[in-house]
Amino acid sequence: MNEIEGLPKASAQRIARTIHNRATVMMRLARELKQGLEVGIWMHSGAPCYPLAGGGTVAGKEASAAAHKQLSGKRFKLVEGALIDGEMCWPGWDEGCRCTWRAYIAGFE
Ligand SMILES: [Zn+2]
């Protein structure tokens, strides 16, 4: 299937990218939780998580991008994620998010 009637190609690409990123996050979470890991350390890519996050307004997008950057280096529980804009999410979960995480293992910092 190469075309969905009425759906612009850019929108289809954005949706596909988001679904792929979320599936990747969920598979990684499942693997790390199974391994007994409980905590991750948020890593911001350095590139803004922009413009797709933030609810559509420029101010919202900039606030969301800033929130992702501020989380860099912070610990979060893998089962819960971290709080951004009133919602829990994981690195790479939001649309346009380029963040990732590294596993936190006590004693190996
Ligand atoms: Zn991000």
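Me: How many helices and strands does the protein chain have, and in what order do the elements run?
Reply: This is a predicted model, where local features need pLDDT of at least 70, side-chain atom pairs count only at pLDDT 80 or more, and totals for chains, interfaces and linings use all residues. Residues are numbered from 1 along each chain as its sequence is written. Helices (H or I, at least four residues) and strands (E, at least two) are DSSP runs, numbered from the N terminus. The protein chain has two helices and five strands, and from the N terminus on the order is α-β-α-β-β-β-β.

Me: What share of the residues in the protein chain is buried?
Reply: The C-alpha trace spans about 55 × 35 × 25 Å along its principal axes. A residue is buried if 20 or more other C-beta atoms lie within 10 Å of its own, exposed if 12 or fewer, and partly exposed in between, with C-beta atoms placed from the backbone. Of the 109 residues in the protein chain, the buried share is 20%.

Me: What is the strand order of the open sheet, and which strands stand at its edges?
Reply: Two strands pair if DSSP finds at least two bridges between them. The open sheet has three strands in the order β2-β1-β5, paired antiparallel. One side of each edge strand is left without a neighbour in the sheet, because each has a single partner strand; these edges are β2 (75-77) and β5 (100-104).

Me: By how many degrees are neighbouring strands of this sheet turned against each other on average?
Reply: Axes are lines fitted to C-alpha atoms, for helices over the stretch in contact, and angles run from 0 to 180 degrees between N-to-C directions. For this sheet, direction is ignored.

Me: Which residue in β5 is the bridge partner of W42?
Reply: Strand β1 (residues 39-43) is joined to β5 by five bridges, and to β2 by three. On the β2 side, G40 has F76 as its bridge partner. On the β5 side, M43 stands opposite T100. W42 has as its bridge partner W101.

Me: Which elements do the buried residues of α2 pack against?
Reply: Helix α2 (residues 58-71) has buried residues S64, A65, H68 and L71. They fall within an arc of 125 degrees seen down the axis (the arc of the directions from the helix axis to the C-beta atoms), so they line one face of the helix. V58, A59 and Q70 are exposed on the other side. The buried residues pack against β1 and β3 (82-84).

Me: How far does α2 reach from its first C-alpha to its last?
Reply: The expected span of a helix is 1.5 Å times one less than its number of residues. For the 14 residues of α2, the expected value is 20 Å. The reach in the model is close to that, at 20 Å.

Me: Which residues is A82 in contact with, leaving aside its neighbours within four places in sequence?
Reply: Two residues are in contact if their C-beta atoms, placed from the backbone, lie within 7 Å. With neighbours within four places in sequence left out, the contacts of A82 are W42, L71, K74, F76, M88 and C89.

Me: What is the phi of D85?
Reply: D85 sits in the loop between β3 and β4. D85 is not a glycine, yet its phi is positive, at about 55 degrees.
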